[in-house]
Amino acid sequence: MPYSTHSIGRAFGRAKAYQDYAAVQQEAAHTLSHIAAAQCVKPPRRILELGCGTGLLTEHIQRRWPDAEILVTDLSPAMVMRCRDKHRQPQTTFAVMDAQLPACRVGFDLIVSSLALHWTADLCQTGNRLLQLLEPDGCIALSLPGIETFHQWRDILSTMERTPGFAPFFSRQDMINFWGNQVSSVHENRLDIVYPSGQDFLRTLKGLGAATPRPGYTPLPPQKLRQALTQLPTGPDNTGVTLTWHLLYATLKKDSASS
């Protein structure tokens with residue numbers, strides 16, 4: 001059962017301290033902006049951003065393409081307001097929009113989204129819809145959580161015959177399966193992040209608005225949760241706990257046959 005747009009928008013709208021927990025998201029936005037620039041045939045005139053959050057990626061694209069017309073969107077009205085307050089510019093407009101049903105005119109040279117589209121009900125279908133919004137030489141650049149993200153936590157839960165309640169994570173092969181020859185590049189990066197404790201790891205997810213369990217998921221009872229958290233691998237010098245963020249960056253270009 002997919003997430004409802006209402007529950008996702010509400011969860012991120014409540015993430016008032018998002019910026020305090022977003023070190024990995026900052027890294028993803030920075031890397032994605034470089035990848036997007038490398039894939040653009042020419043400087044984009046019209047750019048669409050999906051899932052802007054507080055504007056970590058918005059800042060990069062505004063700085064890199066100051067003359068572009070940029071439409072910055074998010075499912076959460078609260079996030080759109082925060083982003084607009086920080087990154088208001090004459091060439092940038094802001095709107096509440098569901099990436100699964102993009103309500104905007106076609107003709108974008110670049111569509112970008114960082115660590116947001118994995119919340120959609122059908123990533124493949126969403127990507128296909130976005131491809132139709134591109135100019136013939138346009139490009140989509142997106143980052144997603146890769147399949148190895150938090151593998152330490154999944155391994156622990158598997159010993160308890162449980163699975164985590166996270167949103168879907170994806171692999172390089174998923175990109176090929178979804179979009180075939182429209183995939184122009186896939187890059188991967190793995191970051192081992194040390195948290196002061198297992199509780200701090202969970203607190204980070206909540207602070208990012210990313211702790212919403214998938215529909216139908218039954219959380220671990222408190223005692224079992226505490227037991228699982230004690231089994232997380234420690235960081236350097238046996239301090240804190242280590243969890244992996246696997247970042248996947250994909251770029252897509254419209255198939256010439258569909259242009």
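I began with the second largest cavity, where strand 5 (residues 134–145) gives the largest share of the lining, 3 residues. I note here that the model is a predicted one.

Entry on cavities. I looked up how many cavities of 30 Å³ or more there are, and the count is 2. For the second largest cavity I read a space of about 60 Å³. I then listed its lining: Q39, C40, V41, K42, P44, D109, D137, G138 and C139. Sorted by class, this lining of the second largest cavity has 4 nonpolar, 2 polar and 3 charged residues.

Entry on helix 2 and helix 3. I turned next to helix 2 (residues 23–39) and helix 3 (residues 56–64), whose axes cross at roughly 30° and come within 8 Å. I recorded the crossing of helix 2 and helix 3 as right-handed. On the helix 2 side I found Q25, Q26, A29, H30, L32, S33, H34 and A37 in the contact. On the helix 3 side the contact is made by L56, L57, H60 and R64. I wrote down the classes for this contact of helix 2 with helix 3 as 5 nonpolar, 6 polar and 1 charged.

Entry on helix 5 and helix 7. How far apart are the axes of helix 5 and helix 7, and at what angle do they pack? I found the axes of helix 5 (residues 123–131) and helix 7 (residues 172–179) 10 Å apart, with a packing angle of about 55°. Helix 5 is therefore oblique to helix 7. I noted a right-handed crossing where helix 5 passes helix 7. From helix 5 the contact takes L123, C124, G127, N128 and L131, and from helix 7 it takes M175, F178 and W179. I sorted the residues of this contact of helix 5 with helix 7 into 6 nonpolar, 2 polar and no charged.

Entry on helix 6 and helix 9. My last pair was helix 6 (residues 151–159) and helix 9 (residues 222–229), which pack at about 125° with axes 10 Å apart. Which residues make the contact of helix 6 and helix 9? I listed W153, I156 and L157 from helix 6, and L225, A228 and L229 from helix 9.

Technical notes:
Residues numbered from 1 in each chain as written. Predicted model: local features only at pLDDT ≥ 70, side-chain atom pairs only at ≥ 80, totals over all residues. Heavy atoms only, no water. Axes fitted to C-alpha atoms, helices over the stretch in contact; angles between N-to-C directions. Helix = DSSP H or I, 4+ residues; strand = E, 2+ residues; numbered from the N terminus. Parallel < 35°, antiparallel > 145°, perpendicular 65-115°, else oblique. Left-handed = near helix turned anticlockwise from the far one by under 90°. Contact = heavy atoms within 4.5 Å. Nonpolar A, V, L, I, M, F, W, Y, C, P; charged D, E, K, R; others polar. 1 Å grid on protein atoms, 1.4 Å probe; cavity = no way out; pocket = protein on both sides within 12 Å on 5 of 7 lines; lining within 4 Å. Points joined across faces, edges and corners; volume = space filled by probe spheres on them.
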